[in-house]
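Thanks for coming. I have one structure to go through today, and I will take it a piece at a time.

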Amino acid sequence: MGQLCSRCMQLLRDFVAFVQRMSSNLVHLIKECLILISKCSCLKQNSSKARQLYKPILQPHERVTAQEFLQHIEAGFEMSPLGKDSLEALRTLAFSENPGLQQSAALYYLHMSQHMSVPLPVEHLEPFYALLRSADLEVQQMSSLSLVNFLLEGNKSNREAIGAAQGVTPLLSLANSYDPRVQQNAVGAILNLTQSEKIQQVLCKEGALPVLALLLESPDSEVQYYSCAALSNLAANARHHEAMLRPGNRFLLRTLISLLSSSVDKVSSQACVCLRNLAASADIQAEMVAEDVLPQLRSLLASRSEDVRRASIALLWILSQHPHNQDTLACAELTKSLGMLLSAHKRDPVIVGHAACIIKNLSLSKNRQRIIESPCIEGLLQTMLSTDVQEDSLLYVTSCLAELAKQGREATPP
């Protein structure tokens, strides 16, 4: 590129000087404009209003309570964690509008949930419910985690007390939290509550079913798993099936089937369990097969996870019991999968027992020849000849082979 001539250089210098003068004037004008705006009475009124916005103020009795509570903790939690003094302090802190004081109470409940071996007294539930309703995220995280601990296995009395509607309502709200920790804790607590048949009624009445169904679509696999496990517990009770599978609305069923393709083993395994519990009627079994569940189940049968294999073959066994499904299930792909499964896992009593029962269900006169010509027979024979097969498994295999032989004799012309 060539050099500028003297004339062009001068023009360029003049342009730069012009821009500098314009910039200086522009900055000056902006400053003057901002000064005039800041002196206007409308801005002063707005700032006055902003200063008048409500902020929680630490009341004198709250300050004293917080100090005494801190001394109580320093003196030793083991002395009287459930005493009258600590209860009164917890009430004051939990119902305070100051997030810092609520956090202190939530931390104390968390400490109790981790170290106490006795049930949480009923009188301690009221301040605890207040913490569950707190708008402070840290309070939500600690109190929801405390709730999970209070509802662990063995704490049946806590479940009965916390499972009242007063405790379930804020818990369902926390399950919709945007914070992953709060949501996981809340859904985990709901899962623990579903261990009680009595509390299941309360959960359903308070609207837990649609909440749990929507959480199955969560991007968090932990939330998916806890929700699916809670629904599995509810589905184990046939009285909930009507509400879970309302006519014309099969959202839950389709979502569970989609979870069979989850890359997380425990999610796909739990989806199998929930579907198995729901498949109590022939209509639901037929609907599951109509939703093209078979390809996903075949894929799960080949999983490296023992839990996934066992859960999927148990669901397949349920589906094979319905005569309307048997023709669909007795396809070459599935019989090949069953034969390979038997050959690879002939020491697994769950796999062997369910596979033999499935083959027996599918070996109707219409499907008998397909079964005999499939790898299923080889798999059954290899299992029968194995020295490590358990007695119960051997009984299922023998019964299946005997049924096939019986049908073969009946079909042979005299």
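**Walking through the model**

Asp292 sits in the loop that joins helix 17 (282–290) to helix 18 (294–301). Its backbone is worth a look: Asp292 is not a glycine, yet its phi is positive, at about 60°. Please keep in mind that this is a predicted model.

Now the overall picture. The protein chain contains 25 helices and zero strands. Of its 414 residues, 45% are buried. As for contacts with a separation of 6 or more, 70% of them in the protein chain come from residues 24 or more positions apart.

Next, a helix pair. How do helix 19 and helix 21 pack? Helix 19, residues 306–320, and helix 21, residues 332–344, meet at an angle of about 135°, and their axes are 13 Å apart. So helix 19 is oblique to helix 21. The crossing of helix 19 past helix 21 is left-handed. On the helix 19 side the contact is made by Arg309, Ile313 and Leu316, and on the helix 21 side by Leu334, Leu338 and Leu341. Sorted by type, the residues of this contact are five nonpolar, no polar and one charged.

On to helix 11, residues 197–205. Which residues of helix 11 are buried? They are Ile199, Gln200 and Leu203. These three lie on the same side of helix 11, because they cover an arc of only 110° around the axis. In general, an α-helix has 3.6 residues a turn, so residues three or four places apart point the same way. Lys198 and Lys205, on the other side of helix 11, are exposed. Just after helix 11 comes Gly207, with a positive phi of about 95°.

Gln141 belongs to helix 7, residues 137–150. Is Gln141 buried or exposed? Gln141 is buried, because its relative accessible area is 11% and the cut-off is under 20%. Neighbours within four places in sequence aside, Gln141 is in contact with Asp179, Arg181, Val182 and Asn185.

Val182, one of those partners, lies in helix 10, residues 180–193. Val182 is buried, with a relative accessible area of 0%. Not counting residues up to four places away in sequence, Val182 touches Leu137, Gln140, Gln141, Ser144, Leu174 and Ser177. Val182 and Leu145 are 37 residues apart in sequence, and their C-alpha atoms are 7.8 Å apart in space.

The last stop is helix 25, residues 391–411, which holds Val397. Val397 is buried, with a relative accessible area of 0%. What does Val397 touch, not counting residues up to four places away in sequence? The residues are Val352, Ala356, Leu380, Thr383 and Met384. Take Ala356: it is 41 residues from Val397 in sequence, while the C-alpha to C-alpha distance between the two is 5.4 Å.

To recap two points: the chain has 25 helices and zero strands, and Asp292 has a positive phi without being a glycine. That is what I have; questions are welcome.

Notes
Residues numbered from 1 in each chain as written. Predicted model: local features only at pLDDT ≥ 70, side-chain atom pairs only at ≥ 80, totals over all residues. Heavy atoms only, no water. Helix = DSSP H or I, 4+ residues; strand = E, 2+ residues; numbered from the N terminus. Axes fitted to C-alpha atoms, helices over the stretch in contact; angles between N-to-C directions. Parallel < 35°, antiparallel > 145°, perpendicular 65-115°, else oblique. Left-handed = near helix turned anticlockwise from the far one by under 90°. Contact = heavy atoms within 4.5 Å. Nonpolar A, V, L, I, M, F, W, Y, C, P; charged D, E, K, R; others polar. Buried < 20%, exposed > 50% of the residue type's maximum accessible area, 1.4 Å probe, protein only. Arc of directions from axis to C-beta.
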